[in-house]
Amino acid sequence: MNTPHLISWNLTRRCNLACGHCYLDAVQRRNEAGGELDTAEALRVVTEIAGPAPGAMLVLTGGEPLLRKDLEPIVEAAAQAGLMPVIGSNGCLLTGDRAKGLKERGAAGVGISLDSTTPAFHDRLRGQAGAWSGALAGMAAARAAGLGVQMQTSLFEENRRELKALADLAAERGAMALNFFFLVCTGRGVTQTDLSPAVYEETLREILALQEGRPDLTVRARCAPYARRLLGLHAGEGGDGYADWSSACLAGRSYLRIGPQGDVTPCPYIPGSSGNLREQSLREIWEKADAFVRLRTETPGGKCGQCDYRISCGGCRARALAASGDLMAEDRKCAYRPPPGTLPETPAPAWAPEVRWEEDATRLLNRIPAFVRQRVKAGLERKALERGEALVTLEFMHNHRPASPPPFRPGSIREGQE
C-alpha cells in the first residue's frame, strides 16, 4: 500500500491578498470563511496524519496560514509527531519575530510566492500594491531565522520570459529552491489565460535547461508531468535529480490535500471531497476513497493510456478532470504523439534487493523525512549490492551518505496558486 509522503493543508480560506488565480478562491473577511477546523480539531488532525503518513512533509498553507493565530501550536504538534512542517505563504505577514517563533516550534522552512523580478506584474496578479516587496521581506525574515526558503513562481505568458532572471533573484535572495508552477485552471484560475500546449512545452524545456545549468539552486517545474518525457526517463529510470522510482504526478499516490473544513482531496486542483476528517479517518479516506483508489490502480484513458510514457508521466489528472469531467481521461494539454509503432509503457520491474538492514540502521532510516526516505533506502541498497554487501549497517550508512544533504530541499511544495 502506498503511503502519503507529502500533505498540503489549507488551514484557512482567509488571505490578506486577492490573487486572481487562487485555486482556493480565498477571501479577506473572517465571516466568509466559516466552518474551518478550530484549534482542537486541527491538533487532532495532526495526530491522525502521523498514523498513515509517518515522517511526511506537512505543508501548512491557505489562503494565508499566518492569519491563523494557532499556527505555531499546530507546527509544534506536527514536529512532535515526527512530521516535517513547512509553511506555504505569500510572505507579506512573515515578520522576524513570527519567523523566529515558527523556527523555534519546529518549522523546517517556508515556500514564498514571487512571480516576477519587478513589482508591477506580481502586485497586479496578487491584487495588492506592495505584495512584491512584502514577499522579499518575508524571505529575508525566514532566512534570518534559520528557516529554509523556497521561491514559488506561477507561470503566465506575461512572466515566462523571466525564467533566468527569476533564478538569479532566487539565488541572490538565498533561496534553496525555485519552483515554477504551470497554471491548473481551477478556482479563480479558470478565468486566467493558460499557456498553449506548444508554449507549455517550450517553457518546460527552458526550465529543464535552466535546472541543468544551476548547480547552486534546485530548479523544478511543478504541475508539469511531461518533464520526465522531455528528460527521456521511463519507469524505473532516474537522472537529473529525478529518482528512478518516482512518477511525475504524486496525487493520490504519495500526496494528498486537506481543506480548511477538513475535506480531503488527492490534490488541491482536484475539486470534490473524497471524505471529511470530521466524519472519517484519514487512513480510511486514503485507502478506500474512490478517487484515491482510481489514481493508484487505473490506467489513464485516451492518448495518455496508449503513450510510451503513460506510467512515468501519465498526464495531469486535474487538467484531465477539468477538461472532460473524468479524472482518468487523457490530458488534452499535452501535444506529444508517440512515434509510429511505439508500444505503451509497461511498469518497471519491482526492486527487490537481496540485502538486510541492521536494526540500528533501520531506526536511523526511519528518522529520515518520508518524502526522501524511499530514495535514500533504494540508493543504499543498490550501493550495498554493487559492493557485495548483504547487510546495511550504521557504518555503511555513514560511509555512503549523500554529500552535504540540505536540511530543507524537497522541491515539491504544491502551493503555486495560493
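**View 1. W286 and F292, a buried ring pair.** At 2% relative accessibility, W286 counts as buried (under 20% relative accessible area; over 50% is exposed and in between is partly exposed, with a 1.4 Å probe and protein chains only). F292 is buried too, at 0% relative accessible area. The ring centres of W286 and F292 lie 5.5 Å apart with planes at 55°, so this pair is tilted. Rings of Phe, Tyr and Trp (its six-membered ring) pair if their centres lie within 6.5 Å; planes under 30 degrees apart count as stacked, over 60 as edge-to-face and the rest as tilted. The model is predicted: local features need pLDDT of at least 70, side-chain atom pairs count only at pLDDT 80 or more, and totals for chains, interfaces and linings use all residues. Residues are numbered from 1 along each chain as its sequence is written, and side-chain values use heavy atoms, without hydrogens and water.

**View 2. Y200 and Y226 bring distant parts of the chain together.** The whole structure holds five aromatic pairs. In one of them, Y200 and Y226 have ring centres 5.0 Å apart and planes at 45°, so the pair is tilted. Y200 sits in helix α7 (residues 197-212); Y226 is 26 residues away, in the loop between β7 (218-222) and α8 (227-230). Helices (H or I, at least four residues) and strands (E, at least two) are DSSP runs, numbered from the N terminus. Both Y200 and Y226 are buried. Ring pairs join F182, Y200 and Y226 into a cluster.

**View 3. F180 in the largest nonpolar core.** A nonpolar core is a set of buried Ala, Val, Leu, Ile, Met, Phe, Trp, Tyr and Cys residues joined through side-chain atoms within 4.5 Å. The largest has 75 residues. F180 is among those with the most contacts inside it, as are W9, I49 and L60. Leaving out residues up to four places away in sequence, F180 touches (heavy atoms within 4.5 Å) residues including T153, L163, I207 and R222. Another core, of 22 residues, lies apart and includes V59, M84, A108 and L321.

**View 4. Helix α4 crosses helix α5.** The axes of α4 (residues 119-126) and α5 (residues 131-144) come within 7 Å and cross at roughly 100°. Axes are lines fitted to C-alpha atoms, for helices over the stretch in contact; angles run from 0 to 180 degrees between N-to-C directions. The two helices are therefore roughly perpendicular (65 to 115 degrees; under 35 is roughly parallel, over 145 roughly antiparallel, the rest oblique). P119, H122, D123 and R126 of α4 meet A131, W132 and A135 of α5.
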